[in-house]
Amino acid sequence: QQFLGNTIQEIATTKLKAVKKKALLASQPYPQVYQVAKKLKIPFKKVETTLKNIALPPFLATNLALAYEATKELGVKVKLEDSFKYPLPGRMQKVKENIILDVGHNPLSAQAIEKSLKEKVVLIYNSYKDKEYKKVLEILKPKIKHLEILELEDERVVKKEKLIEVLKELQIPYTTFSSLEPNQHYLVYGSFKVVEEFIKRCKLDFTNS
(Lines give C-alpha, C1' and ligand atoms only; values in the text may rest on other atoms or scores of the structure.)
Protein backbone atom coordinates (compact mmCIF):
# COMPACT_ATOMS: atom_id res chain seq x y z
CA GLN A 1 0.00 0.00 0.00
CA GLN A 2 2.93 2.33 0.61
CA PHE A 3 3.75 2.11 -3.11
CA LEU A 4 0.46 1.22 -4.75
CA GLY A 5 -2.16 3.24 -2.86
CA ASN A 6 -4.66 2.89 -0.04
CA THR A 7 -7.87 2.19 -1.95
CA ILE A 8 -8.85 -0.35 -4.61
CA GLN A 9 -9.19 2.48 -7.12
CA GLU A 10 -5.71 3.85 -6.34
CA ILE A 11 -4.11 0.41 -6.48
CA ALA A 12 -5.85 -0.49 -9.74
CA THR A 13 -4.80 2.84 -11.26
CA THR A 14 -1.15 2.35 -10.27
CA LYS A 15 -1.04 -1.17 -11.67
CA LEU A 16 -3.03 -0.56 -14.83
CA LYS A 17 -0.96 2.49 -15.78
CA ALA A 18 1.88 0.02 -16.35
CA VAL A 19 -0.11 -1.73 -19.10
CA LYS A 20 1.11 -0.86 -22.58
CA LYS A 21 -1.26 -2.71 -24.93
CA LYS A 22 -3.83 -4.96 -23.30
CA ALA A 23 -4.79 -6.35 -19.89
CA LEU A 24 -6.03 -9.81 -18.98
CA LEU A 25 -8.05 -9.48 -15.79
CA ALA A 26 -9.04 -12.35 -13.55
CA SER A 27 -12.59 -12.21 -12.22
CA GLN A 28 -12.59 -9.19 -9.89
CA PRO A 29 -14.57 -8.88 -6.65
CA TYR A 30 -14.18 -5.10 -6.98
CA PRO A 31 -15.95 -3.46 -9.98
CA GLN A 32 -13.69 -0.42 -9.52
CA VAL A 33 -10.93 -2.36 -11.30
CA TYR A 34 -12.94 -2.54 -14.52
CA GLN A 35 -14.02 1.08 -14.12
CA VAL A 36 -10.40 2.21 -13.84
CA ALA A 37 -9.41 0.21 -16.94
CA LYS A 38 -12.21 1.87 -18.92
CA LYS A 39 -11.27 5.32 -17.61
CA LEU A 40 -7.63 4.79 -18.63
CA LYS A 41 -8.87 3.48 -22.02
CA ILE A 42 -6.95 0.23 -21.59
CA PRO A 43 -8.26 -2.68 -23.68
CA PHE A 44 -8.92 -5.61 -21.38
CA LYS A 45 -10.31 -9.11 -21.41
CA LYS A 46 -12.07 -10.74 -18.47
CA VAL A 47 -10.70 -14.20 -17.74
CA GLU A 48 -13.37 -16.32 -16.10
CA THR A 49 -12.02 -19.73 -17.09
CA THR A 50 -12.73 -22.50 -14.60
CA LEU A 51 -10.08 -25.18 -14.29
CA LYS A 52 -11.66 -28.52 -13.46
CA ASN A 53 -10.04 -31.33 -11.49
CA ILE A 54 -7.28 -29.03 -10.27
CA ALA A 55 -6.11 -29.78 -6.73
CA LEU A 56 -5.34 -26.17 -5.77
CA PRO A 57 -6.85 -23.64 -3.39
CA PRO A 58 -9.38 -21.49 -5.31
CA PHE A 59 -7.19 -18.36 -5.47
CA LEU A 60 -4.24 -20.33 -6.88
CA ALA A 61 -6.51 -22.04 -9.42
CA THR A 62 -7.67 -18.56 -10.51
CA ASN A 63 -4.06 -17.41 -10.89
CA LEU A 64 -3.21 -20.51 -12.92
CA ALA A 65 -6.22 -19.96 -15.19
CA LEU A 66 -5.09 -16.37 -15.77
CA ALA A 67 -1.54 -17.44 -16.61
CA TYR A 68 -2.86 -20.18 -18.92
CA GLU A 69 -5.04 -17.65 -20.76
CA ALA A 70 -1.97 -15.42 -21.19
CA THR A 71 -0.07 -18.25 -22.90
CA LYS A 72 -2.94 -18.65 -25.37
CA GLU A 73 -3.00 -14.89 -26.04
CA LEU A 74 0.74 -14.99 -26.75
CA GLY A 75 0.46 -18.04 -28.97
CA VAL A 76 2.56 -20.19 -26.66
CA LYS A 77 1.57 -23.85 -26.47
CA VAL A 78 1.53 -25.08 -22.88
CA LYS A 79 0.36 -28.35 -21.41
CA LEU A 80 -1.53 -27.40 -18.27
CA GLU A 81 -0.33 -30.49 -16.40
CA ASP A 82 3.28 -29.29 -16.82
CA SER A 83 2.58 -26.38 -14.47
CA PHE A 84 2.35 -28.79 -11.53
CA LYS A 85 6.01 -29.66 -11.94
CA TYR A 86 6.78 -26.21 -10.52
CA PRO A 87 5.32 -25.91 -6.99
CA LEU A 88 4.82 -22.44 -5.57
CA PRO A 89 6.61 -22.37 -2.20
CA GLY A 90 4.92 -20.57 0.64
CA ARG A 91 1.44 -20.23 -0.87
CA MET A 92 -0.91 -22.63 0.91
CA GLN A 93 1.97 -25.09 0.75
CA LYS A 94 1.22 -28.32 2.59
CA VAL A 95 4.67 -29.27 3.83
CA LYS A 96 3.55 -31.92 6.27
CA GLU A 97 0.25 -33.72 6.71
CA ASN A 98 -0.68 -31.28 9.48
CA ILE A 99 1.27 -28.12 8.50
CA ILE A 100 0.42 -25.50 5.87
CA LEU A 101 2.67 -22.50 5.13
CA ASP A 102 1.53 -19.23 3.60
CA VAL A 103 3.52 -16.01 3.30
CA GLY A 104 0.54 -13.74 2.66
CA HIS A 105 0.04 -10.90 5.14
CA ASN A 106 -2.82 -8.73 3.95
CA PRO A 107 -6.64 -8.87 4.10
CA LEU A 108 -7.04 -10.16 0.54
CA SER A 109 -4.73 -13.10 1.16
CA ALA A 110 -6.53 -13.76 4.46
CA GLN A 111 -9.89 -13.87 2.65
CA ALA A 112 -8.51 -16.38 0.15
CA ILE A 113 -7.07 -18.56 2.92
CA GLU A 114 -10.25 -18.43 5.03
CA LYS A 115 -12.22 -19.75 2.05
CA SER A 116 -9.62 -22.44 1.34
CA LEU A 117 -9.45 -23.91 4.84
CA LYS A 118 -11.91 -26.73 5.39
CA GLU A 119 -11.47 -26.94 9.16
CA LYS A 120 -10.20 -24.90 12.09
CA VAL A 121 -6.44 -24.72 12.59
CA VAL A 122 -3.91 -23.56 15.13
CA LEU A 123 -2.57 -20.33 13.66
CA ILE A 124 1.16 -19.69 14.15
CA TYR A 125 1.42 -15.97 13.47
CA ASN A 126 3.17 -12.65 13.70
CA SER A 127 3.04 -9.45 11.67
CA TYR A 128 4.93 -6.35 10.68
CA LYS A 129 3.55 -3.31 12.48
CA ASP A 130 2.65 -1.52 9.24
CA LYS A 131 0.32 -4.34 8.11
CA GLU A 132 -3.42 -4.54 8.77
CA TYR A 133 -3.03 -7.36 11.27
CA LYS A 134 -6.28 -6.64 13.09
CA LYS A 135 -8.30 -6.89 9.88
CA VAL A 136 -6.39 -10.04 8.88
CA LEU A 137 -7.20 -11.70 12.20
CA GLU A 138 -10.85 -10.65 12.00
CA ILE A 139 -11.10 -12.41 8.64
CA LEU A 140 -9.31 -15.56 9.79
CA LYS A 141 -11.06 -15.79 13.17
CA PRO A 142 -13.77 -18.29 12.06
CA LYS A 143 -11.01 -20.78 11.15
CA ILE A 144 -8.74 -20.17 14.19
CA LYS A 145 -8.86 -22.79 16.95
CA HIS A 146 -6.31 -20.73 18.84
CA LEU A 147 -3.32 -18.60 17.92
CA GLU A 148 0.33 -19.09 18.83
CA ILE A 149 2.53 -15.99 18.59
CA LEU A 150 5.83 -16.73 16.88
CA GLU A 151 8.23 -14.27 18.49
CA LEU A 152 10.62 -12.52 16.08
CA GLU A 153 13.64 -10.31 16.58
CA ASP A 154 12.98 -7.56 14.07
CA GLU A 155 12.28 -3.87 14.70
CA ARG A 156 9.59 -3.91 11.98
CA VAL A 157 7.50 -6.49 13.82
CA VAL A 158 4.50 -5.34 15.84
CA LYS A 159 5.17 -5.22 19.58
CA LYS A 160 3.90 -8.34 21.29
CA GLU A 161 1.75 -6.38 23.74
CA LYS A 162 0.01 -4.57 20.84
CA LEU A 163 -0.73 -7.86 19.12
CA ILE A 164 -2.06 -9.30 22.39
CA GLU A 165 -4.37 -6.27 22.80
CA VAL A 166 -5.90 -7.03 19.40
CA LEU A 167 -6.24 -10.73 20.18
CA LYS A 168 -8.04 -9.94 23.43
CA GLU A 169 -10.32 -7.47 21.67
CA LEU A 170 -11.19 -10.09 19.02
CA GLN A 171 -11.53 -12.77 21.71
CA ILE A 172 -9.05 -15.07 19.99
CA PRO A 173 -7.35 -17.47 22.45
CA TYR A 174 -3.57 -17.23 22.26
CA THR A 175 -0.28 -18.52 23.63
CA THR A 176 3.37 -18.07 22.69
CA PHE A 177 4.64 -20.68 20.24
CA SER A 178 6.99 -23.23 21.77
CA SER A 179 6.57 -26.56 19.99
CA LEU A 180 4.39 -28.57 17.61
CA GLU A 181 1.81 -31.11 18.69
CA PRO A 182 1.35 -34.11 16.36
CA ASN A 183 -2.43 -34.15 16.79
CA GLN A 184 -2.95 -30.49 15.79
CA HIS A 185 -3.34 -28.97 12.33
CA TYR A 186 -1.31 -25.79 11.82
CA LEU A 187 -1.33 -22.79 9.51
CA VAL A 188 1.94 -20.84 9.64
CA TYR A 189 1.08 -17.43 8.25
CA GLY A 190 2.40 -13.87 8.09
CA SER A 191 5.25 -13.05 5.67
CA PHE A 192 8.45 -14.80 4.62
CA LYS A 193 10.04 -13.76 7.91
CA VAL A 194 7.47 -15.75 9.91
CA VAL A 195 7.80 -18.85 7.73
CA GLU A 196 11.61 -18.63 7.72
CA GLU A 197 11.75 -18.37 11.51
CA PHE A 198 9.29 -21.24 11.92
CA ILE A 199 11.34 -23.57 9.72
CA LYS A 200 14.55 -22.58 11.51
CA ARG A 201 13.00 -22.94 14.97
CA CYS A 202 11.49 -26.35 14.28
CA LYS A 203 14.53 -27.63 12.39
CA LEU A 204 12.24 -29.05 9.73
CA ASP A 205 13.38 -30.21 6.31
CA PHE A 206 10.76 -29.62 3.64
CA THR A 207 12.96 -30.22 0.62
CA ASN A 208 11.13 -33.42 -0.32
CA SER A 209 7.62 -32.15 0.50
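The mean positions of the chain's 37 positive and 25 negative charges lie 8 Å apart.

Biologist: What counts as a charge there, and where is each one placed?

Modeller: Lys and Arg count as positive, Asp and Glu as negative, while His and the chain ends are not counted. The place of a charge is NZ of Lys, CZ of Arg, CG of Asp or CD of Glu.

Biologist: What should I know about the model itself?

Modeller: It is a predicted model, where local features need pLDDT of at least 70, side-chain atom pairs count only at pLDDT 80 or more, and totals for chains, interfaces and linings use all residues. Residues are numbered from 1 along each chain as its sequence is written, and side-chain values use heavy atoms, with hydrogens and water left out.

Biologist: How many helices and strands does the chain have?

Modeller: There are 7 helices and 8 strands. Helices (H or I, at least four residues) and strands (E, at least two) are DSSP runs, numbered from the N terminus. The C-alpha atoms fill a box of roughly 50 × 35 × 30 Å along the principal axes.

Biologist: What is the strand order in the open sheet?

Modeller: S3-S4-S8-S5-S6-S7, 6 strands with mixed pairing. Strands S3 (93-96) and S7 (174-176) are at the edges because each has a single partner strand, leaving one side of each without a neighbour in the sheet. From one strand to the next, the twist averages 25 degrees.

Biologist: What makes S5 and S6 a pair?

Modeller: Two strands pair if DSSP finds at least two bridges between them. S5 (residues 121-125) and S6 (residues 144-149) have 5 bridges, in the parallel sense, so they pair.

Biologist: Why is Glu114 called buried?

Modeller: Buried means under 20% relative accessible area, exposed over 50%, and partly exposed in between (1.4 Å probe, protein chains only). Glu114 has 19%, so it counts as buried. Glu114 sits in helix H4 (residues 107-116). Leaving aside neighbours within four places in sequence, Glu114 is in contact (heavy atoms within 4.5 Å) with Ile139, Leu140, Pro142 and Lys143.

Biologist: How do you know that H4 is mostly covered?

Modeller: 7 of its 10 residues are buried, including Pro107, Ala110 and Ile113. The buried residues of H4 pack against helix H3 (58-73), S4, helix H5 (133-140) and strand S8 (186-189).

Biologist: What makes Val157 buried?

Modeller: Its relative accessibility is 9%, and the limit is under 20%, so Val157 qualifies. Val157 is in the loop between S6 and helix H6 (160-170). Apart from neighbours within four places in sequence, Val157 is in contact with Asn126, Ser127, Tyr128, Lys129 and Leu152. Val157 and Asn126 are 31 residues apart in sequence, yet 7.5 Å apart in space, C-alpha to C-alpha.

Biologist: How much of the whole chain is buried?

Modeller: Buried residues make up 41% of the 209 residues. Of the contacts with a separation of 6 or more, 64% link residues 24 or more positions apart.

Methods. Axes fitted to C-alpha atoms, helices over the stretch in contact; angles between N-to-C directions.
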